[in-house]
Amino acid sequence: MFAISLANQEQGRQHFSAPLSYFNAGTTSLERFQETKSTADLSDGIENVRLAISLTPEDHQNMPEYLNLLGTSLLARFECTEDLTDISAAIEHFQKSVRLTPEGHPHMPSILDNLGAAFSGLFERTDDLADISAAIEHRQKSVSLAPEGHPDLPMWLTSLGNSFLRRFKRTGDLDDLSSAIKHHQNLVELTPTGHPNLPTELNNLGNSLLTRFKQTGDLDDISAAIGHLQKSVELTPEGDLGMPTRLNSLGNSFLRRFERTGDIDELSVAIEHHKKALKLTPEGHPSMPALLTSLGNSFFRRFERTGELDNISIAIEHYQKALELTLEGHPDMPMRLNNLGNSLMRRFKKTSELADLSTAIEHYQRSVELTPKGDPAMTSRLNNLGNSFTIRSEQTGDLPDMIAAIDYHQKAVNLTPEGHADMPRRRSSLGNVLMIHFKQTKNIRACQVAALNYRLAATQNMGKPTVQLQAAGHWAILALMLGDYAECLSAFGAALELLPLVASLDQTVQNRHTSLLGISDLTGRAITVALILESTDKALEWFEQGRCLIWTQLNQLRTPVDHLRRHDAPIAERFLAVAQALEASGSRPQSAWIENSTITQQIAVEDEVRSQLKLAREFEQLLIKIRDLPDFNDFLRPPKAANIISRLPTDGPVVVVNVQSASCNALALIHGAEEPIRIPLDNFTYEKARLLQNQLGYHLTSERVRMRDSDDRAGRVARRPDTGLRHILRELWNGVVWPILQGLGYSSPPVHRNRIWWCLTGPLAFMPIHAAGIYDSDPKAKVPGRCLSDFAVSSYIPTVTTLLEKLKNDVNLKRQNTKVLLLSQPNALPDFPIPGTTTETWGVYKQMQATDIDAVLLEEGEGTKDRVTAEMGTHGWIHIASHASQHPTEPLKSGFYLRDGQLELLEIIRQNLPSAEFAFLSACQTSVGDEKLSEEVVHLAAGMLAAGYQGVTATMWSIKDQYAPKIAEDFYEFLLREKRESGAHRLDSRRAAYALDHATRKIRERLGDSESALLTWVPYIHLGL
């Protein structure tokens, strides 16, 4: 803090005894304070320097030095006690020192910087813009007077940058923010590695970039901020007094990025840094309220994510303590009142405790009252106050509260600068309160203005994409209510355009799935509206655009560039390199943050995050360049309906079934048709689908068919008569399948059965549509034409585009020989042995040997994760007989159990297998997806398709160990017989769906159609081509 070294104060002084004696005594006390941090030493030094000044003539040559030293000492004591008398006296002494210092004196820049520091400190206490402006003025003059190469110039430039940053936070003037960043960047570039000031300068640069991120929402800024702040912490020695502040800044940066991306690991890292910063800070330290606030913020966000009351209680405790330590009149008082109000409001929403609501409103009101006019924080505080009045109005029905809420939200919008990252959120909040007002009063004008604000929120290209997506959904609903159908279509179109931004390529695959939780229903609602408005082409296009987004992205990153290479080889090669790097970066394990990891380890992880962000930005720019090329305007754009229909297979229709609360419909896609055919499902509802899904779950649980077993499942739960599989399949036949078959022109079973490819949404995505029908336990009572398999051979596909891509790849695969990899893992789970897997795989192996088909069998310990993934690269066919599992919360952690661990879905999709042709997954639940991501179709079978396999046989629930070998034998027997009869040199995976149909018919002939028999063959399904 002391600008003039205390050790050199005696140079150049006259030898008069009394002032010098006091001065020496003062410097001794002040030097001791630097070591002890005792305010008693500081006060003793101040009094002695004051006595020296009182005995020194004003025109004495040492007077400016004495005054400057007294000013710095008083400023240091103010920082300890926040006594305004000290800071005012410090400014007075600095000003007098400047006045008495001759022009051109070498100490003048230092004294001016100290004067700027005093005004900056006063601003932190008073929030008076005149003070921070005076600080900038004096510090600018200090920098301008400093000679080139002055050792203190970097420190003065840092101080100037910080002052610009402080004024920006008060005024929102982007010019000040740009000046701050410019000064901090220049300093970092000029400071040599190993310089003791480098950690401080990196911290300042990181904080200024973090501030700009709050303003613009640009992920490049937050990524750069984290990088600088991590380096600052890494370079700070243990025990350094600056460590708590730098850890706090780093924690704040991770918290801000969590708020944007939702990555829970980053929230955990933020809490870790905030806790450590607080632990290193002694009680009574002036920064304690700020550190308590930061840790409270992190726990507040964790409560929002988890809903656990312990987290919000911890947040409230920290906010309350920070508020208690904040002096009246302190500029941070409004912010801390607002934070405490937020936490009480969140707890009220969880517990409905009215006392929390009342106290929250009091804190919000006082926060707004204390916030100075022109403070950028006023917008968020008005927004929060408006939300609290809205909630109270909903609780009490009080109309004046609602009117006040609307007024607060409108003011928040008016005060938010255009282009600010928070503008979509502010407009959405205004739309929300107007919508509630409309519901209360039926005031159509409120509905219209709400729709306008939602539209503006959704279409402004800034801020958090999830906020814009929610706004687009509300906009669509209100447009429909208002009867503006063109506007409704525009709204849903905007929403679907936003989906790729919500699950953007700069995130890991797991994070993208997390980002889509809770919004997968959007596509279905958009399709329903398009069908209501008789726009079947639009319905199909939206289905393809909004479904299986993550699989679509993966497929785009693997797009062949041969055609592009012929037009522009350099851009094609760069696209290929960036796409491959993006795929590798995006599929890295989610658990990259190591608990209690070192800052060096965290920096390495952050380097990967920053690299992925850079790659994603370059990928976007490459798409723009490629689409500017002739004939490449539609490169990687969602396909048009006409293009989809023209490329469909000729041996059967594709049927998309959309189940929504408003209506249930099927879209039939037939090769050669002009447009999709809509088939209304008038006797089926979303509620019926959900009921059947629940009944199926109850039935499977009662029959204990969640895992492949070798026993006969003793100890079944008693089954209700109306929840059996026969009942469920009959309901699906009557409500869904038979109306669709009629819509396709069927009245009786055909002589030759074609294919049907099913795309199912919502609850139907988890139902065995392929087996829909009316079954009787007595084989003699069977009547043809009462089940789907009498009419067609069924397959499932995630999207229509998936099928089209498989069709395109099929031509190349026909030129390769069949090589089969067989994997048997009977004891991967020792407590649940499945010896039938050995019988099954050996049976298939012998079938292949008998027909001269190349096959490799891996049993027990031979089937390690590394060996299996390596063999998958050289074998086009794979047959896995093992246990499998569907992870309940992280679908990419689903996988197959092998002897050395689980082969997870994430690892499977990382395999780009050019020779992949067919996968037979003889394991339990390999086609069971995550209900919260029903439109993403995240299960093992879909992962095999994404990895490159043309087709997959999988199971919807567990299979019986005693029957699995026979089903596999009959499946391959069908394909091998066709190979012999045709004289082909290879197995034809295009016939796999017929092979599975053959195998299930054979088991039905042996077992009949009893409930037990249905549980045996119904779970087997075919996916893909």
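Which residues of the largest nonpolar core touch the most other members?

1. Core. Val-657 and Trp-758 touch the most other members of the largest nonpolar core, which has 252 residues. A nonpolar core here is a set of buried Ala, Val, Leu, Ile, Met, Phe, Trp, Tyr and Cys residues joined through side-chain atoms within 4.5 Å. Buried means under 20% relative accessible area, exposed over 50%, and partly exposed in between (1.4 Å probe, protein chains only). Leaving aside residues up to four places away in sequence, Trp-758 touches Val-655, Val-657, Val-737, Ile-740, Ile-769, Leu-788, Ser-794, Ser-795, Tyr-796 and Ile-797. A second, separate core has 31 residues, among them Ile-53, Ile-91, Leu-115 and Leu-122.

2. Basis. This is a predicted model, in which local features need pLDDT of at least 70 and side-chain atom pairs count only at pLDDT 80 or more, while totals for chains, interfaces and linings use all residues. Residues are numbered from 1 along each chain as its sequence is written, and side-chain values use heavy atoms, with hydrogens and water left out.

3. Overall. The chain has 40 helices and 14 strands. Both are DSSP runs numbered from the N terminus (helices H or I, at least four residues; strands E, at least two). Of the 1025 residues, 57% count as buried. Along the principal axes, the C-alpha atoms fill a box of roughly 125 × 65 × 65 Å. Among contacts in the chain with a separation of 6 or more, 70% come from residues 24 or more positions apart; contact means heavy atoms within 4.5 Å.

4. Helices 2 and 3. Helix 2 (residues 39-54) packs on helix 3 (residues 63-81) at an angle of about 155°, with the axes 10 Å apart. That makes helix 2 roughly antiparallel to helix 3. Axes are lines fitted to C-alpha atoms, for helices over the stretch in contact, and angles run from 0 to 180 degrees between N-to-C directions. Angles under 35 degrees count as roughly parallel, over 145 as roughly antiparallel, 65 to 115 as roughly perpendicular and the rest as oblique. Helix 2 passes helix 3 in a left-handed crossing (left-handed if the near helix is turned anticlockwise from the far one by less than a right angle, right-handed if clockwise). Residues in the contact include Leu-42, Ile-46, Val-49 and Ile-53 of helix 2 and Leu-67, Leu-70, Leu-74 and Arg-77 of helix 3. By class, this contact has 13 nonpolar, 3 polar and 2 charged residues. Ala, Val, Leu, Ile, Met, Phe, Trp, Tyr, Cys and Pro count as nonpolar, Asp, Glu, Lys and Arg as charged, and the others, Gly among them, as polar.

5. Helices 10 and 29. Helix 10 (residues 219-235) and helix 29 pack at about 160°, with their axes 10 Å apart. Helix 10 is therefore roughly antiparallel to helix 29, and their crossing is left-handed. Among the residues that meet are Asp-220, Lys-231 and Glu-234 in helix 10 and Glu-606, Arg-610 and Arg-617 in helix 29. The contact divides into 7 nonpolar, 5 polar and 6 charged residues.

6. Helices 17 and 18. The axes of helix 17 (residues 378-396) and helix 18 (residues 399-415) come within 8 Å and cross at roughly 160°. Helix 17 is thus roughly antiparallel to helix 18, and helix 17 passes helix 18 in a left-handed crossing. The contact includes Leu-382, Gly-386, Phe-389 and Ser-393 of helix 17, and Ala-404, Ala-405, Tyr-408 and Ala-412 of helix 18. Its classes are 10 nonpolar, 8 polar and 3 charged residues.

7. Lys-442 is exposed, at a relative accessible area of 60%.

8. Lys-350, in helix 15 (residues 333-351), is partly exposed with a relative accessible area of 45%. Lys-350 and Gly-307 are 43 residues apart in sequence, and their C-alpha atoms are 7.9 Å apart. Lys-350 touches Phe-303, Gly-307 and Leu-309, not counting residues up to four places away in sequence. Ile-477 lies in helix 21 (residues 465-481) and is partly exposed, at 40% relative accessible area. Ile-477 and Ala-526 are 49 residues apart in sequence and 10.0 Å apart, C-alpha to C-alpha.
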